[in-house]
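I opened this entry to keep track of what I looked up. The structure comes first, my notes after it.

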Amino acid sequence: MTSAPSTAWTILKVLRWSCSYLEARGVSEPRPSAEVLLAHCLGGSRLDLYLHYDQPLGENELSCYKKLLKRRLAHEPTQYITGRQEFWSLDFLVTPAVLIPRPETELLVEVAAAYLQGQRAEETSVRLIDVGTGSGVLAVVLAKEHPQAQVTALDQSWEALCLARQNARRHGVEERIRFIMGDLLAALRPEAQFDLIVSNAPYVPTAEWLRLPSDIKDYEPRLALDGGGDGLDVIRRLVQAAPGYLKAGGLLALEVGQGQSAAVEQLLAHGGAFTPAEIRRDFQYIPRVVSARRLN
């Protein structure tokens, strides 16, 4: 890239070269990585790259891109390089202090939103809590989609809570979300009854975490991923504690990993506090969200 005059490097030529370069060095998703990073340098969208594919790049633009490309070559996720990730068609800030939001987590929003829609006809206000909020995507989206909801965002990481608050401010819902630092529900009084508890808790088994690609294992926070021996350590504790914080008829909705839905279904049935669980599959047909209501 440095051997030819900068005017010779059009957007399309740079993309073609960098895609091949990343792929040859074993970087995952080389084309999306190249497109996202170049669009970030140019201050536009990925679509803009192809609308202006013959635009030559200047020295400053090439220098910016080469710096970002070098970070991607070290397998740093593009989301941490750009500081952004889209979720539910909204732009969220992300840092290495939080898990990068995944598309499959939008299914958890759908399950929660369907429950809240049913509650809207019955109550003027509902209370919900996002346990392990991370970047705040669940809390922020549910607050925006359901103005009647009183939202609590809880995380044991102070850095995560600060970032979640930033995202809430950016999307105009900061005043409607309480941010609390604590381990699961321990920071709340049991009499603080909620209509809905949602959580994308850590669920990756430790042995599996150790085998994850370096893009994930070396950069994303282990606290947000490693769920212990069977991946259910945190989920198990949350299922045990949740009945004390849910109203009768209130919903507990959990994101789970591949092959875990049956075990979580059994956890919910074991204590006798919940209705039979419902399981929703994601776009890859993986059982992804397990939910159940608290019995009267």
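I began with the record: UniProt, in an unreviewed entry, places "domain: Release factor glutamine methyltransferase N-terminal" at residues 14–83. Such annotations may be inferred rather than shown by experiment. Over residues 14–83 I read 71% helix and 0% strand, with the end C-alpha atoms 22 Å apart. Helices (H or I, at least four residues) and strands (E, at least two) are DSSP runs, numbered from the N terminus.

I noted that this is a predicted model, in which local features need pLDDT of at least 70 and side-chain atom pairs count only at pLDDT 80 or more, while totals for chains, interfaces and linings use all residues. Residues are numbered from 1 along each chain as its sequence is written, and side-chain values use heavy atoms, with hydrogens and water left out.

Next I looked up helix H1 (residues 11–24) and helix H4 (residues 59–73), whose axes come within 11 Å and cross at roughly 20°. The axes are lines fitted to C-alpha atoms over the stretch in contact, with angles from 0 to 180 degrees between N-to-C directions. H1 and H4 are therefore roughly parallel (angles under 35 degrees). Val14, Trp17, Ser18, Tyr21 and Leu22 in H1 meet Leu62, Tyr65, Leu69, Arg72 and Leu73 in H4, contact meaning heavy atoms within 4.5 Å.

Last, I checked Gly244, in the loop between helix H11 (233–241) and strand S7 (246–255). Gly244 counts as partly exposed because its relative accessibility is 34% (between buried, under 20%, and exposed, over 50%, with a 1.4 Å probe and protein chains only). Beyond neighbours within four places in sequence, Gly244 is in contact with Pro190 and Gln193.

Key. Angles under 35 degrees count as roughly parallel, over 145 as roughly antiparallel, 65 to 115 as roughly perpendicular and the rest as oblique.
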